[in-house]
Amino acid sequence: MYAIVRAGGRQHKVAVGDVLEIDRIDAKPGDSVELSTILVVDGDAVTSDPWVLGGVKAHAEVVDQTKGDKIVILRYKNKTGYRRRQGHRQKHTAVRITSIDSVSK
């Protein structure tokens, strides 16, 4: 069984036990969060009806708050002696999927 979940403006394919990085959420390590599902595949049954999936959630546990790799930007203009360096590190939250609700309740 796996599901497609929406987290932080992106969609991720997850199964129970997977660890994924999503955009930072305000939670401490050990807290539990719910992710909304877009699609659930359970054996041969594929469910994508939004009315059915309204109550189906993927439950996750926050593992860690981290930062991503540094993105380095170097601007250079020829003949003017202008050089400028910029950088950015996106903040992430690592979560572990603990369970996915069943569609047939």
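Lysine 70 sits in the loop that runs between strand E6 (57-67) and strand E7 (71-77), where strands are DSSP runs of E with at least two residues, numbered from the N terminus. This is a predicted model, in which local features need pLDDT of at least 70 and side-chain atom pairs count only at pLDDT 80 or more, while totals for chains, interfaces and linings use all residues. Residues are numbered from 1 along each chain as its sequence is written, and side-chain values use heavy atoms, with hydrogens and water left out.

With a relative accessible area of 55%, lysine 70 is exposed; buried means under 20%, exposed over 50%, and partly exposed in between, with a 1.4 Å probe and protein chains only. On the surface, Lys70 gathers with Arg24, Lys67, Arg85, Arg89 and Lys91 in a patch of positive charge, a patch being made of residues with over 30% relative accessible area and no salt bridge, in which like charges are joined within 9 Å.

Which side chains meet in a salt bridge? They are those of arginine 10 and aspartate 23, at 3.3 Å from N to O, where the term asks for a side-chain nitrogen of Lys or Arg within 4 Å of a carboxyl oxygen of Asp or Glu. Because arginine 10 lies in strand E2 (residues 10-14) and aspartate 23 in strand E3 (residues 19-23), the pair ties together parts that are 13 residues apart in sequence. Arginine 10 is partly exposed at 41% relative accessible area, and aspartate 23, at 22%, counts as partly exposed too.

Definitions and conventions: Patches are made of residues with over 30% relative accessible area and no salt bridge: like charges are joined within 9 Å, nonpolar side chains (Val, Leu, Ile, Met, Phe, Trp, Tyr) within 5 Å. Accessible areas come from the Shrake-Rupley method with a 1.4 Å probe; for residues, only the protein chains shown count as cover. Lys and Arg count as positive and Asp and Glu as negative; His and the chain ends are not counted. The place of a charge is taken as NZ of Lys, CZ of Arg, CG of Asp or CD of Glu. Helices (H or I, at least four residues) and strands (E, at least two) are DSSP runs, numbered from the N terminus.
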